[in-house]
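The points may be checked one by one against the coordinates.

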Amino acid sequence: MSECKSCSAEILWCTTDKNHKNMPLDPEPADDGVWVKVRLEGEARIIHRLTTAELEAARDNKARYHSHWESCPSAAEHRKAKS
């Protein structure tokens, strides 16, 4: 578990399954979350963003999570400027 440098909330660092980017998640599951943990690769927690079809079919008991960027009050400070 880590702490957000901006808001001091606990975050869980993960790696996305498609582009292997680091992604901070809120550590508590959320019924309307769109991210699920799929596996561990060494120390890395690999996560997957559910598609619309997967969300509609999500009847399994996998916990879903929000990106911390959705809940952090300072998220805009961390976005890279578009060129």
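The numbered points below cover confidence, strands, core, individual residues and cysteines.

1. **Basis of the note.** The structure is a predicted model, in which local features need pLDDT of at least 70 and side-chain atom pairs count only at pLDDT 80 or more, while totals for chains, interfaces and linings use all residues. Residues are numbered from 1 along each chain as its sequence is written, and side-chain values use heavy atoms, with hydrogens and water left out.

2. **Confidence.** The average pLDDT (the predictor's confidence in each residue, from 0 to 100) is 88 for the protein, and 88% of the residues score at least 70. Helices and strands are taken as DSSP runs (H or I over at least four residues for helices, E over at least two for strands), numbered from the N terminus. On that basis, strand β2 (residues 10-16) has the highest confidence, with a mean of 95, and helix α1 (residues 52-56) has the lowest, with a mean of 85. Where pLDDT is low, the predicted coordinates should not be read in detail.

3. **Strand pairing.** Two strands are said to pair if DSSP finds at least two bridges between them. Strand β4 (residues 35-41) and β5 are antiparallel partners, joined by six bridges. The hairpin formed by β4 and β5 has two residues between the strands, and G42 in this hairpin takes a positive phi near 65 degrees. Strand β5 (residues 44-49) also runs parallel to β2, to which two bridges join it. I46 in β5 stands opposite R39, and T15 likewise stands opposite I46.

4. **The nonpolar core.** Which residues make up the largest nonpolar core? It consists of eight residues: L12, C14, M23, L25, V34, W35, I47 and Y65. A nonpolar core here is a set of buried Ala, Val, Leu, Ile, Met, Phe, Trp, Tyr and Cys residues joined through side-chain atoms within 4.5 Å. Two or more of the core residues come from each of β2 and β3 (22-25). Buried means under 20% relative accessible area, exposed over 50%, and partly exposed in between (1.4 Å probe, protein chains only). C14 is buried, at 2% relative accessibility. Contact means heavy atoms within 4.5 Å; leaving aside neighbours within four places in sequence, V34 is in contact with H48, R49, L50, L55 and Y65.

5. **H48 and D17.** H48 belongs to strand β5 and is buried, with a relative accessible area of 13%. Although H48 and D17 are 31 residues apart along the chain, their C-alpha atoms are separated by 5.6 Å. The side chains of H48 and D17 are joined by a polar contact of 2.8 Å. A polar contact is a pair of N or O atoms within 3.5 Å; within protein, one must be able to donate a hydrogen and the other to accept it, and residues adjacent in sequence count only if both atoms are side-chain atoms. Not counting residues up to four places away in sequence, H48 touches D17, K18, V34, W35, V36, V38 and E54.

6. T15, in strand β2, is buried at 14% relative accessibility. Leaving aside neighbours within four places in sequence, T15 has contacts that include H20, K21, A44 and I46. L50 lies in the loop between β5 and α1 and is buried, with a relative accessible area of 13%. Beyond residues up to four places away in sequence, L50 touches V34, V36, L55 and R64. The C-alpha atoms of L50 and V36 are separated by 7.3 Å, with the two residues 14 apart along the chain.

7. S8 is not a glycine, yet has a positive phi of about 65 degrees. It lies in the loop between β1 (2-3) and β2 and is partly exposed, at 44% relative accessibility. H20, also not a glycine, has a positive phi of about 55 degrees. H20 is found in the loop between β2 and β3 and counts as exposed, at 55% relative accessibility.

8. **Cysteines.** How many disulfides does a search of the whole structure find? The search finds zero, a disulfide being a pair of cysteine sulfur atoms within 2.5 Å. For C72, the closest cysteine sulfur is that of C4, at 3.8 Å, which is too far for a bond. C72 is buried, with a relative accessible area of 9%.
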